[in-house]
Amino acid sequence: MQLTLFKRLTLGFGAFFTLLVGLGIYVAVQVNRLNELTRAVVMRDGETVRLAENLESMAGDLARFEKKHLVTGDAAFFDRFREIRARFLETHLSAQKHLSGDNLAARIDTIGTDSYRYFTLVDQERELMDGQGRRQADIYRDRKADLLDQIHLGLRAIMAKARQARDEKILTSNAISID
């Protein structure tokens, strides 16, 4: 069989077209994979921020209801404190599982230790209240305030690092998509 000029041109264009279609399919698959990876990473960082924001909000609520209980002696405030403490501990456990193996895991563990110390001080102070629900001198106030400050600072650091990581990943994804 003799290849005429027309047959050679047709084979050349066919080979070029096949190569072009194959390359297009390969690029489309890779871009889709990149988008899925980026979406998964961004969702992870977003979840980290959400958990830290919830914990910070609950830490503020804990402090408010604890103070309300100490000032008024009303048991309803302490009941609300216990409810929030239970949610705080559940959310902290979720954050620990979410951040296991992450560089923020040590920070969330420190927050857990500080919150445990805070809860212990609150319970000790409550035991010192007299039978009429009045508190004794504020012997634990400064230590509790310091622990709450450490908890808030730790949570803000987690949020800042997660937001920074998320923003960097979005910028990298955008740069790859544009190229």
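This is a predicted model: local features need pLDDT of at least 70, side-chain atom pairs count only at pLDDT 80 or more; totals for chains, interfaces and linings use all residues.
Helix α1 is made of 68 residues, and the distance from its first C-alpha to its last is 99 Å, which is close to the 100 Å expected at 1.5 Å a residue. After α1 comes Gly73, a residue with a positive phi near 75 degrees.

## The nonpolar core

The largest nonpolar core of the model contains 28 residues, and those with the most contacts inside it are Leu62, Phe81, Phe88, Ile108 and Tyr118. At least two residues of this core come from each of four helices, namely α1 (5-72), α2 (75-99), α3 (105-127) and α4 (141-178). The helix that gives the most to this core is α1, with 8 residues.

Phe81, one of the core residues with the most contacts, can be followed in more detail. When residues up to four places away in sequence are not counted, Phe81 touches Leu62, Phe65, Glu66, Tyr118, Phe119 and Val122.

## Packing of α1 against α3

How are α1 and α3 oriented to each other? Their axes come within 12 Å and cross at roughly 10 degrees, and angles under 35 degrees count as roughly parallel; α1 and α3 are therefore roughly parallel to each other.

On the α1 side, the contact is made by Leu55, Leu62, Ala63, Glu66, His69 and Leu70, while α3 brings Ile108, Tyr118, Phe119, Val122, Glu125 and Arg126. Sorted by class, this contact of α1 with α3 has 8 nonpolar residues, 1 polar residue and 3 charged residues. Among the α1 residues in this contact are Leu62 and Glu66, both of which are also touched by Phe81.

## Thr91, a residue within α2

Thr91 is found in helix α2. Is Thr91 buried or exposed? Its relative accessible area is 15%, and buried means under 20%, so Thr91 is buried. With its neighbours within four places in sequence left aside, Thr91 is in contact with Leu51, Asn54, Leu55 and Met58; of these, Leu55 also takes part in the contact of α1 with α3.

## Asn103, a residue between α2 and α3

Asn103 has its place in the loop between α2 and α3. The relative accessible area of Asn103 is 67%, and exposed means over 50%, so Asn103 is exposed. Although Asn103 and Lys161 lie 58 residues apart along the chain, their C-alpha atoms are separated by 9.9 Å.

How values were computed
Residues are numbered from 1 along each chain as its sequence is written. Side-chain values use heavy atoms; hydrogens and water are left out. A nonpolar core is a set of buried Ala, Val, Leu, Ile, Met, Phe, Trp, Tyr and Cys residues joined through side-chain atoms within 4.5 Å. Buried means under 20% relative accessible area, exposed over 50%, partly exposed in between (1.4 Å probe, protein chains only). Contact means heavy atoms within 4.5 Å. Axes are lines fitted to C-alpha atoms, for helices over the stretch in contact, and angles run from 0 to 180 degrees between N-to-C directions. Angles under 35 degrees count as roughly parallel, over 145 as roughly antiparallel, 65 to 115 as roughly perpendicular and the rest as oblique. Ala, Val, Leu, Ile, Met, Phe, Trp, Tyr, Cys and Pro count as nonpolar, Asp, Glu, Lys and Arg as charged, and the others, Gly among them, as polar. The expected span of a helix is 1.5 Å times one less than its number of residues.
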